[in-house]
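The following report describes the fold of a protein chain and the packing of one pair of its elements.

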Amino acid sequence: MAPFPDEVDVFTGPHWRMKHLVGLYCDKLSKTNFSNNNDFRSFLQSLCATFKEFKMHEQIENEYIIGLLQQRCCTVYNVHSDNKLSEMLSLFEKGLHSIKSEYEQLNYAQQLKERLEAFTQDFLPHMKEEEEVFQPMLMEYFTYEELKDIKKQVIAQHCNQ
Ligand code: FEO
């Protein structure tokens with residue numbers, strides 16, 4: 001159970017969805033037949049959709065959580081500044097548009113596996129940090145009522161996507 005009351009916990013709910021998506025692509029990564037062009041393209045298309053959702057999640061966090069926190073606490077750094085999601089999306093686009101032969105597909109698949117694993121190894125701790133470091137800061141710098149409003153906006157924005 002989350003250590004903070006659900007009505008003011010801004011991270012756990014959206015992260016449940018993000019972690020579910022991580023589980024899905026890890027599963028597909030292990031099952032995709034990269035020699036098969038249809039499988040290859042289908043996996044890349046699902047990765048594009050997933051990472052666009054991750055990007056939207058980050059944008060919502062930036063606008064509705066981190067930006068507000070930075071206004072109250074000037075030492076809060078920009079947690080989403082290294083643009084890994086755009087780099088991953090470029091990698092998927094490259095796979096969809098530039099890979100022509102089975103040989104290229106298999107080489108690309110190796111690179112894709114390494115990059116996805118590296119991304120996942122950063123993304124899961126990133127979410128944990130938001131839940132365990134940023135949520136307590138929010139509790140410190142915002143009133144309970146303010147946080148209830150922030151939570152409502154965060155959930156509404158995720159549901160709009
Ligand atoms: Fe909630 Fe910054 O991922």
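The protein chain contains five helices and zero strands, where helices (H or I, at least four residues) and strands (E, at least two) are DSSP runs numbered from the N terminus. Read from the N terminus, the order of elements is α-α-α-α-α. This is a predicted model, in which local features need pLDDT of at least 70, side-chain atom pairs count only at pLDDT 80 or more, and totals for chains, interfaces and linings use all residues. Residues are numbered from 1 along each chain as its sequence is written.

Along the principal axes, the C-alpha atoms of the protein chain fill a box of roughly 55 × 30 × 25 Å. Of its 161 residues, 17% count as buried (20 or more other C-beta atoms within 10 Å of the residue's own, with C-beta atoms placed from the backbone). Among contacts (C-beta atoms within 7 Å) with a separation of 6 or more, 77% join residues 24 or more positions apart.

| Helix | Residues | Residues in the α2 and α5 contact |
|---|---|---|
| α2 | 37-72 | Ile60, Tyr64, Ile65, Leu68 |
| α5 | 144-160 | Ile150, Gln153, Val154, Gln157, His158 |

The axes of α2 and α5, lines fitted to C-alpha atoms over the stretch in contact with angles from 0 to 180 degrees between N-to-C directions, lie 9 Å apart at an angle of about 165 degrees. The helices α2 and α5 are therefore roughly antiparallel, a term for angles over 145 degrees. The residues of this contact comprise six nonpolar, three polar and no charged.

How values were computed. Buried ≥ 20, exposed ≤ 12 C-beta atoms within 10 Å, placed from the backbone. Contact = placed C-beta atoms within 7 Å. Parallel < 35°, antiparallel > 145°, perpendicular 65-115°, else oblique. Nonpolar A, V, L, I, M, F, W, Y, C, P; charged D, E, K, R; others polar.
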